[in-house]
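Please consider the structure below together with its sequence.

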Amino acid sequence: MWRYTRHERGPDLVLDALTRLAAEHFDIPLVLVSLVDEECQWFKSRVGFDITETSRDVSFCAHAILAPGLFEVPDATRDPRFQSNPLVTGPPHIRFYLGVPLVTPEGFAIGTLCLIDSRPRTLDKGQKQHLVVLGEQVMRHFELMRLRRLEETVTREGLGIWEMDVVTDLVWGNEAFHRLHREEPLISGNHHVLARDYPPEDRARLQAGLEEIIQQGKPFEACLRLKRPGDSQDIWVQLTGAPADAATPARLLAGTLRDITPLKQKTRELEWRHHMDQLVTRLQSGFIAGEDIPGAFSTALETLLEFTESEYGFIGEVFHDDEGRPYLQTYAITDISWDEASQALFQQTRANGMRFTGLDTLYGQVLQSAEPLISNAPGSDPRAGGLPPGHPPLKALLCQPVLLEGEMVAMVGLANRPEGYSEHSLMLLEPMMGPLAQLVHSLRLRREHEAAWQRLELSAKVFSSTREAITITDADNRIIEVNEAFERVTGYSRDEVLGQNPRLLASGRQTRGFYQTLWRSLQETGHWQGEILNRRKNGELLPEMLSISVVRNEAGETTHHVAVFSDLTRIKQHADELFRAGHFDRLTGMPNRHHMIQLMHEAIARRRPDESLAVAVLDLDRFHDLNKRLGREESDRVLVALAGRLAEAAEPGDLVARLGGDEFAFLLHRFQNSAARLDRIIEGLVEPLSTRGGETLQVTGSLGVTLYPADDEDPETLLRHADQAMYRAKVMGGNGYAFFDPDREQEIKVLQLRRKEIAGALIADEFVLYYQPQIDPRTRKTVGVEALIRWQHPDKGLLAPDAFLPAIAGSDLELAFDAWVLRSALRQQQAWLAEGLTLSVCINLTPQSLTQDAFVDVLREALAACPEVPPALLCLEVLESAALEDFQAATRVMRNCRALGVKVALDDFGTGYSSLAYLRNLPVDMIKVDRSFVMGMLEHKDDMAIVESVIYLAQRFAKLVVAEGVESNAHIQHLKAMGCDLLQGFGIARPMPAGALVGWCGTFANASH
């Protein structure tokens, strides 16, 4: 009984209306809605009885609630159970009692609806059945009030509810839902209308989710952004949806919208005020029994016509359209059709009633004025708007508005009374208008009641089916209700937690101060929201996003607490994954650059005053070439193995991170110029490493180091300084380390500016080629030239290679210069051939191009651009030291170049290792003896011996020999005698512009003859 009444003894207008209706219908003086508890019976509604409660031991109803059906006492004075009852022997002197138990859906009787008389009575079977129906209405009202309290509890929490009818394409939402969408209470359209306030990317998710619910019956839940009309910013909402019926595909969907204001739509107060007279008695019976209401109105109209001697009539309810104009919808109307078309229209609209909207008619005058109208000459009445052609004539008309509290709710119309109508006619009808108004009002309440019932049923379904856990506690914080989601998330069943305090979920991870703050917020603001860490029944931690609201009554007293929470476990796991993705390197698992800088900030903040920190950056030497040769997958495996070695080389507490590519960083604690720690890092790399293909690698690295606080900068600057020191270590040959030097930093800045200036000069076409002739000493003919680059500086004049080439060593500019020299030399060769001068041209390649497979493509394109130049007239000179630095790559590039038809010369031979194996295996056509040996051969026997040996070896390996540094005729004669093939040097000619070469060749040829 407490579940349905909460022991609330205040008046109930609906029950009062029902008891008054029963008293009038059964013509009985006492009608009670009695509720029975352990000690007494008390009356929720009563007619004819001033007492509010009686003791249970004298209660008739205490017997009635135990009866299987109606409990009847025809005469209490003759019934031994009640003969001595003080309610029989004294006021109210009960003789007759008939009570129907009020039974809950679970089968519990909580009270009765009873009829009491001070004289014996006998009711027929139909009257008893009417009492049973009224009892069911009373119990239905109690159930409705229970559901309404449940809905109000959910509504105060701010939970938005929506429902979609897939068949009619209508979407219903409660007030909280529509406040977010800013829509009318009923949205008409297809089922995608629900998504129109969401951004496209979220709209697609929502539409797909709705389709999945409809087609597969799967519940849907998503966190979406909502863009309300007129708002400048999005808001986040948690939307859930599920099928609300068992059909497939689903015909009715329901769901919730989180974080909205409380539901404002409230069930209108049901007021039942039934004051029916004799004319509407059958309407009362039909209304109570739920019979055909239009049929009952038709019968009542027939009786009314007969009573008033009228030929035609109607009874209808007044409504208003969207623009506020009144119109009449009939419940009953006599057949006034005059032809087949009007007869068909009458039959078509009879079931749902006919609608009268014309306001320029006599009944329209009543709709607008709410005043009675009598016209005994309708045909000539100026207020009439005329009748359709063929309409039966109206000789007299009476229209009586039915008012309820000043509002016209219905209209009764009568026509063609032989004697016409008068004010007396209105007086005769007046007693009937009150009950009729109450009946129309009751019908309106029934429609609202059915709509409210559907919404309350929906609220109950939402409460039980929403994916968010809901807990409702009483004022003493005892759990009185949980939903299925609570059971699923926590592992506790409903029966296990009912009556318990929610602290049974506590994990012990929150402090006392946390809970004090929570309760203070509830007391001061009525709400608290935040994250909390609870524990499931199985002991697992349960992170929650919890929202608690206080429910208060009209007196401001706390009656309930409503808690709604979501399981954050997956969100927390995803956050951890995002943290790792954003702070650690995916391949090696080491901290990335971003996290490295964070940890450096922390380490600097914790550093002891006397502690020195070393920040180091390590770059693997020539790993780019290794990566291209091995491929991505195998290179990644090598990187992981090397990262493991670096981590092992670090001491406990040190930090190793991967900055990206083949670059790593170190933060070494307690570093006091400990070279051994740096050696251990370098040495850890060079250990042989086997690939899956069976190749053994020996990887080296260049390490740059800066010391804090000697270098008192922020972490990013420290990394940059260490990187600059690393670059210096690479310049020094790699496989070692270098410390950051501020002076060296300035040198690097100057170098960078110099390179930028040189790159700009290349774009501005400030470079030119000079050509130094090469002659055959045997024929004294010019057979070739060596192309030598010069910079025609706009301010400094002509600059030799030594003024700019060292600045670009090891940079990508070397590749650009090689490509420029190659194309320029070929174009010049093509011009000479057009003039009839055939010369081979030697160009010098930098170490960068010699090991780049892409250079072969550059060469191929340059040759294709000058098709008149035979490839055999082009010779590529490579330094012996560059060829030996990466022997395999250099050999591959040289072979591919020779495959295109060009020749390859080994320059400065004798200054490197000059191994016979290299001379045998390198794919070269020509050997160039270094100028230092040639220039000193006349004064130094050792130089002479070296020159003779190189020429001898070249001849044995069938290679042409070029001697550079020929300074005199004596050089020419000695080299000729040794069998040298080509000579070049200042003793023959200095390098000259291309335009001067043709003339020089002619002069030299004449001088030779």
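On one side of helix α15, the residues R512, Q523 and E524 are exposed, exposed meaning over 50% relative accessible area, buried under 20% and partly exposed in between, with a 1.4 Å probe and protein chains only. The model is predicted: local features need pLDDT of at least 70, side-chain atom pairs count only at pLDDT 80 or more, and totals for chains, interfaces and linings use all residues. Residues are numbered from 1 along each chain as its sequence is written, and side-chain values use heavy atoms, with hydrogens and water left out.

The buried residues of α15 are L518, S521 and L522. They lie on the same side of α15 because they cover an arc of only 100 degrees around the axis, the arc being that of the directions from the helix axis to the C-beta atoms. An α-helix has 3.6 residues a turn, so residues three or four places apart point the same way. The buried residues of α15 pack against β21 (527-535) and β22 (541-552), where contact means heavy atoms within 4.5 Å. Helices (H or I, at least four residues) and strands (E, at least two) are DSSP runs, numbered from the N terminus. Helix α15 itself spans residues 512-525, and its 14 residues reach 20 Å from the first C-alpha to the last, close to the 20 Å expected at 1.5 Å a residue; the expected span is 1.5 Å times one less than the number of residues. After α15 comes G526, whose phi is positive, near 80 degrees.

Other backbone details lie in loops. Most residues other than glycine have a negative phi, and most peptide bonds are trans. A cis peptide bond joins P91 and P92, with omega about 10 degrees, and P92 belongs to the loop between α4 (86-89) and β5 (96-103). The bond from T248 to P249 is also cis, with omega near 0 degrees. N416, although not a glycine, has a positive phi of about 65 degrees; this residue sits in the loop between β18 (407-415) and α12 (423-465). N416 counts as buried because its relative accessibility is 8%. N735 likewise is not a glycine and has a positive phi of about 55 degrees, but with 39% relative accessibility N735 counts as partly exposed.

Which residues touch the most other members of the largest nonpolar core? In this set of 75 residues, they are F767 and L975. Helix α23 (residues 813-834) gives the most to this core, with eight residues. A nonpolar core is a set of buried Ala, Val, Leu, Ile, Met, Phe, Trp, Tyr and Cys residues joined through side-chain atoms within 4.5 Å. Not counting residues up to four places away in sequence, the contacts of F767 include I758, L762, W791 and W820.

The structure holds 40 salt bridges, each a side-chain nitrogen of Lys or Arg within 4 Å of a carboxyl oxygen of Asp or Glu. R677 and D654 form one of them, at 2.8 Å from N to O. R677 lies in helix α20 (residues 675-686) and D654 in the loop between α19 (632-649) and β25 (655-660), so the pair ties together parts that are 23 residues apart in sequence. R677 is buried at 6% relative accessibility, and D654 is buried at 14%. Both belong to a network of salt bridges that links E651, D654, R677 and R680.
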